[in-house]
Amino acid sequence: MRHSSDRSAIADCPLCSYCLVVVAWGLALMFTGCVAPPYPKQSLPKVKTPEEWSVNLSGVTNAFEGPWWERFKDPELNRLIAGALTTNANLAVLAERVELARAEGRLNTAGARPRVSAGAGLRTGRQRTRATDYQTESLKPMTASSELVWEMDWLGKWRTRHTAALERVRATEADLNAGRLLLAAETANAWFSIRRYNEDLGIIEDSIKHQNAILTIYRDRLQAGLIDAAVIDRQEAEIANLHRELIRIRMLGETAVRRLDRLRGLPAGGSRYPITPLRSGTIVIPILPAKLPADILRQRPDLAAAEARLRSAFALEQAAHLNLYPSLDLRLSGFTMTGSITDPFRSWMTEIGPRLEIPIWDPERIERLGSEQARARVVAAEYRALALRAFEEVETAAVQFNRRREQLKLADEIVRKAEKIRKFTADKLRVGLVSQLEVLEDERRILTARRQSLALHTELLADAVAIFRALGGP
């Protein structure tokens, strides 16, 4: 009898019940800790940043301050880029993606907030339970219930998911900045192309004018019987070829205008631009620092986006690991059954207190962790590949800028010499001391030299834009 009374006393002791619950929780944690795989160490991939670049620009030291496009000293370019940054359609998409990332972040962390639900229903049927001595009785036809559930973030799972959501927002914001940088670079290159084609048209038209003047001389000699008709045909074919090239350059210029319209968020072909020749003095080749900054990992927005995505992947991996451990809920629920609206609480039940969910063996959670770990490795590899590609872009842009500048210097010298040769040949043509083939060759030489010099000047401007973009833009 003493033994049975002791058992009854233990059963009636609330402290002993709490002790059993605590022991159960401890055993659950110990078991889960044994089953859960070890948490991996997370860190950004090691990328060796060059202390200095192998290419020196041999320029004047000048810090990057203000918008980089202002360094070209072209007011029209500044206006076009400022307008494009406001009205470009692709930037609007990137801006909406930022809002989407914020909304998805709130969705993915909504489970950390309390949930309240209520319901009512009708049912029919009969039941037989031990409480009624297994006598059959009708069920109460009307039911009503309510519940409040709040999962306690006692292990930091939801805080980690919140961190992942914040990093995803930072990644989309960095994508927006990268889009702005790309848009400014594309707008500048489109504007340089438009002005280049405009000046190229002037070069070809000037060559056509010289060829027509030569044709006039040959026609006079044909009437005097000094040359045959083949000379005239050859000269007219050369002029026709120049007209064909003139049409091609106009086509390229018109398509460049429409590309600029798209970049500005305007209907294609609906704008008119005050176009002046590229080398009219309104655009200057910017003076770049002799020593480029080496820490581009913090300057480039695309690398900032990749780093934020990697930190988000790490956070999701940690959250998936914490999801293998028990979760603790606080619950408040109520349930009532009645056969009369006037007496809703004839049969009711309430529940309040904590609830421990123990995932002893959940393959889905385990595979989720493996998936997040694999995803983190992929994002880490992408980050390292992007960093190496960024270093290459800086080196390539600097090499091209240096070599193109040397080419342009030589091309301008060739233009000056070709102009002297053409003038000398024109003087001999007037007195009939030069053949047609020599005249054609000299005209082609000056035309090619002038166009090559213009192309190199445009490419040098594009190389400067590429350097600014590779460095992330100030």
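Select Lys-157. Leaving aside its neighbours within four places in sequence, Lys-157 is in contact with Glu-151, Ala-319, Leu-322 and Asn-323. Contact here means heavy atoms within 4.5 Å. Lys-157 sits in helix 5. Its relative accessibility is 10%, so Lys-157 counts as buried. The cut-offs for relative accessible area are under 20% for buried, over 50% for exposed and partly exposed in between, with a 1.4 Å probe and protein chains only.

A word on the model before moving on. This is a predicted model: local features need pLDDT of at least 70, side-chain atom pairs count only at pLDDT 80 or more, and totals for chains, interfaces and linings use all residues. Residues are numbered from 1 along each chain as its sequence is written, and side-chain values use heavy atoms, with hydrogens and water left out.

**The whole chain**

Zoom out. The chain has nine helices and six strands. These are DSSP runs numbered from the N terminus: helices are H or I with at least four residues, strands are E with at least two. Of the 474 residues in the chain, 38% are buried. Now look at contacts with a separation of 6 or more: residues 24 or more positions apart account for 83% of them.

**Helix 5 and helix 6**

Select residues 157-223 for helix 5 and residues 229-263 for helix 6. The two pack at an angle of about 165°, with their axes 9 Å apart. Axes are lines fitted to C-alpha atoms, for helices over the stretch in contact, and angles run from 0 to 180 degrees between N-to-C directions. Helix 5 and helix 6 are therefore roughly antiparallel to each other. The bands are under 35 degrees for roughly parallel, over 145 for roughly antiparallel, 65 to 115 for roughly perpendicular, and oblique for the rest. Helix 5 passes helix 6 in a left-handed crossing. Left-handed means that the near helix is turned anticlockwise from the far one by less than a right angle; clockwise is right-handed. Colour this contact by class: there are 24 nonpolar, eight polar and nine charged residues. Ala, Val, Leu, Ile, Met, Phe, Trp, Tyr, Cys and Pro count as nonpolar, Asp, Glu, Lys and Arg as charged, and the others, Gly among them, as polar.

**Helix 7 and helix 8**

Next, select residues 301-322, helix 7, and residues 363-430, helix 8. Their packing angle is about 165°, and their axes are 9 Å apart. That makes helix 7 roughly antiparallel to helix 8. The crossing of helix 7 and helix 8 is left-handed. From helix 7, residues in the contact include Leu-303, Leu-310 and Phe-314. From helix 8, they include Leu-369, Val-379 and Tyr-383. The contact divides into 15 nonpolar, two polar and six charged residues.

**A loop stop**

Select Arg-298, in the loop between helix 6 and helix 7. With 73% relative accessibility, Arg-298 counts as exposed.

**The strands**

Finish with strand 1, residues 115-122. None of its eight residues is buried, so strand 1 lies largely in the open. Strand 4, residues 142-152, pairs with strand 1 in the antiparallel sense over eight bridges. Two strands pair if DSSP finds at least two bridges between them. Find Gly-121 and its bridge partner in strand 4, Thr-143. Then find Ser-117, opposite Glu-147 in strand 4. Strand 4 also pairs with strand 5, residues 327-338, antiparallel over eleven bridges. There, the bridge partner of Val-149 is Arg-331 in strand 5.
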